[in-house]
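Colleague: I'm new to this structure. Could you show me how to read it, one feature at a time?

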Amino acid sequence: MHMSATIITNATIIIGDGHKLEQGTILLAEGKIKAVGTTAEITDQINQIKAQYAELLTINAEGKYVTPGIIDVHTHLGVHEEGIGKEGHDFNETSSPVTPYVRALDGINPFERGFVEARKAGVTTVQSMPGSANVIGGEMVVLKTAGTIVDQMIVREPSGMKAAFGENPKRVFGAKDKAPVTRMGTAALFRQEFIKAKEYLESKEKGDPVKRDLGLENLVKVLKREIPLRAHAHRADDIVTALRLAEEFDIEITIEHCTEGHKITDFLLEKGVRVSLGPTLSSRSKIELADKGFHTHLALAEAGVPFSITTDHPVVGIEYLVTSVAHAVSDGLDEALAWQAITLNAAKHLGVEDRVGSLESGKDADVVIWSGHPFHIQNKVEKTFINGEVVYERVDK
């Protein structure tokens with residue numbers, strides 16, 4: 001299928017691990033990165049590629065930047081379709097506050113406009129997930145942003161189980177006069193469901209006859225640490241509640257949003273938890289977001305807490321992911337760390353760093369060529385590659 005190869009030369013290359021390479025060359029073939037380095041360092045590999053592939057695309061990227069495909073760790077891409085209203089709202093299954101049996105995968109439309117915007121903005125990998133109306137919201141999936149059959153776009157499935165703490169579940173279900181009506185109720189429903197899942201797992205392990213239960217089967221994956229719990233939590237007290245519950249059931253957890261993470265940096269560091277920050281460009285639309293700002297990014301960076309940066313698309317359009325990061329840098333975030341927040345750290349957050357997140361030999365050929373420094377807003381994506389194929393090319397009007 002991949003009988004062609006690509007050589008990109010003379011570029012400033014952002015590796016993704018915090019390092020930068022001037023006058024760099026990168027070789028792509030068979031959907032993978034074959035080599036990265038200065039032209040002198042990888043002359044042998046360049047000659048091999050030239051001899052091996054008749055169909056060779058050579059791009060002189062002098063004055064341009066080349067980066068890994070950008071990663072957004074927390075989106076509702078494809079399950080919350082842009083621009084069509086209620087018909088495209090497939091992200092919150094609000095028929096019950098506890099729906100571990102649903103999967104984002106089954107609601108994703110790969111023809112949704114957001115995927116086009118992602119490719120145009122250099123975003124090549126996303127995690128798409130259920131919304132945060134429910135205490136337990138269902139399974140999520142990591143996808144590439146190019147394709148027509150969602151099953152063929154999967155990088156990791158399932159990639160986590162959604163949970164939500166704070167305002168959303170009590171607002172949505174309290175309005176229906178159903179539990180949870182309070183934060184206490186949210187934690188209690190969560191605990192109750194995981195106790196059921198634990199008993200279900202123990203019965204299965206003992207060989208007792210057990211009637212299949214899809215929701216409990218999916219929670220067992222969390223209990224067995226096959227997938228993490230990914231907990232929507234803005235306020236510091238909600239973050240602490242999520243971590244308390246994760247410890248109680250000995251499960252792996254990531255904190256999603258982490259808006260007040262700056263208030264408890266030492267605690268987050270001690271717990272060894274990865275967090276996603278954002279969407280910081282959105283308005284303060286509810287109480288939990290009163291203290292939202294890039295000061296959180298700076299505080300976590302200073303404390304050494306590993307973080308990713310997200311748009312929570314479509315809360316902020318996915319096309320503004322790099323813009324969000326640029327704002328964090330202009331507010332004082334170290335540039336190398338900022339890059340990692342949407343490349344290698346993001347890949348680690350999703351558990352897919354063996355395939356994406358940095359420009360290293362053997363990884364997927366997800367590469368973006370920019371007209372200039374990506375954090376300077378006037379610069380644009382010129383080409384986006386996914387698995388070595390050009391999936392977006394800028395045409396000057």
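Modeller: Let's start with a pair of side chains: those of Lys 383 and Glu 393 are joined by a polar contact of 2.9 Å. A polar contact is a pair of N or O atoms within 3.5 Å; within protein, one must be able to donate a hydrogen and the other to accept it, and residues adjacent in sequence count only if both atoms are side-chain atoms. Keep in mind that this is a predicted model, where local features need pLDDT of at least 70 and side-chain atom pairs count only at pLDDT 80 or more, while totals for chains, interfaces and linings use all residues. Residues are numbered from 1 along each chain as its sequence is written, and side-chain values use heavy atoms, leaving out hydrogens and water.

Colleague: Where is Lys 383 placed, and which residues does it touch?

Modeller: Helices (H or I, at least four residues) and strands (E, at least two) are DSSP runs, numbered from the N terminus. Lys 383 belongs to strand S15, residues 381–386. For touching, contact means heavy atoms within 4.5 Å. Setting aside residues up to four places away in sequence, Lys 383 touches Ile 59, Val 367, Val 368, Ile 369, Val 390, Tyr 392 and Glu 393.

Colleague: How does S14 join S15?

Modeller: Two strands pair if DSSP finds at least two bridges between them. S14 and S15 run antiparallel and have four bridges; Val 368, for example, has Thr 384 in S15 as its bridge partner. S14 also pairs with strand S5 (residues 65–68), again antiparallel and over four bridges. There, Pro 68 has Val 367 as its partner in S14.

Colleague: Which way do the residues of S14 point?

Modeller: Val 367 and Ile 369 point one way, Val 368 and Trp 370 the other, and all are buried.

Colleague: What is the order of the strands in the open sheet of eight?

Modeller: The order is S6-S7-S8-S9-S10-S11-S12-S13, and the pairing is mixed. S6 and S13 are at the edges with a single partner strand each, so one side of each has no neighbour in the sheet. From one strand to the next, the twist averages 25°.

Colleague: Now the helices. How do H4 and H5 cross?

Modeller: Axes are lines fitted to C-alpha atoms, for helices over the stretch in contact, and angles run from 0 to 180 degrees between N-to-C directions. The axes of H4 (residues 183–206) and H5 (residues 214–223) come within 9 Å and cross at roughly 85°. Angles under 35 degrees count as roughly parallel, over 145 as roughly antiparallel, 65 to 115 as roughly perpendicular and the rest as oblique. H4 and H5 are therefore roughly perpendicular. The residues making the contact include Phe 194, Ala 197 and Leu 201 of H4 and Leu 216, Leu 219 and Leu 223 of H5.

Colleague: And H9, which of its residues are buried?

Modeller: Here's the general idea first: an α-helix has 3.6 residues a turn, so residues three or four places apart point the same way. In H9 (residues 321–330), the buried ones are Leu 321, Val 322, Ser 324, Val 325, Ala 326 and Ala 328. Their packing partners include strands S6 and S7 of the sheet and helices H8 and H10. After H9 comes Gly 332, with a positive phi near 120°.

Colleague: Which residues other than glycine have a positive phi?

Modeller: Asn 10 is one of them, at about 60°; it sits in strand S1 (residues 4–14) and is partly exposed at 23%. Cys 258, with phi near 55°, is another. Cys 258 lies in the loop between S11 and H7, and it is buried, at 0%.

Colleague: Where is there a cis peptide bond?

Modeller: One joins Glu 157 and Pro 158, with omega about -10°, and Pro 158 lies in strand S9 (residues 154–164). Another runs from His 313 to Pro 314, with omega near 10°; Pro 314 is in the loop between S13 and H9.

Terms used:
Buried < 20%, exposed > 50% of the residue type's maximum accessible area, 1.4 Å probe, protein only.
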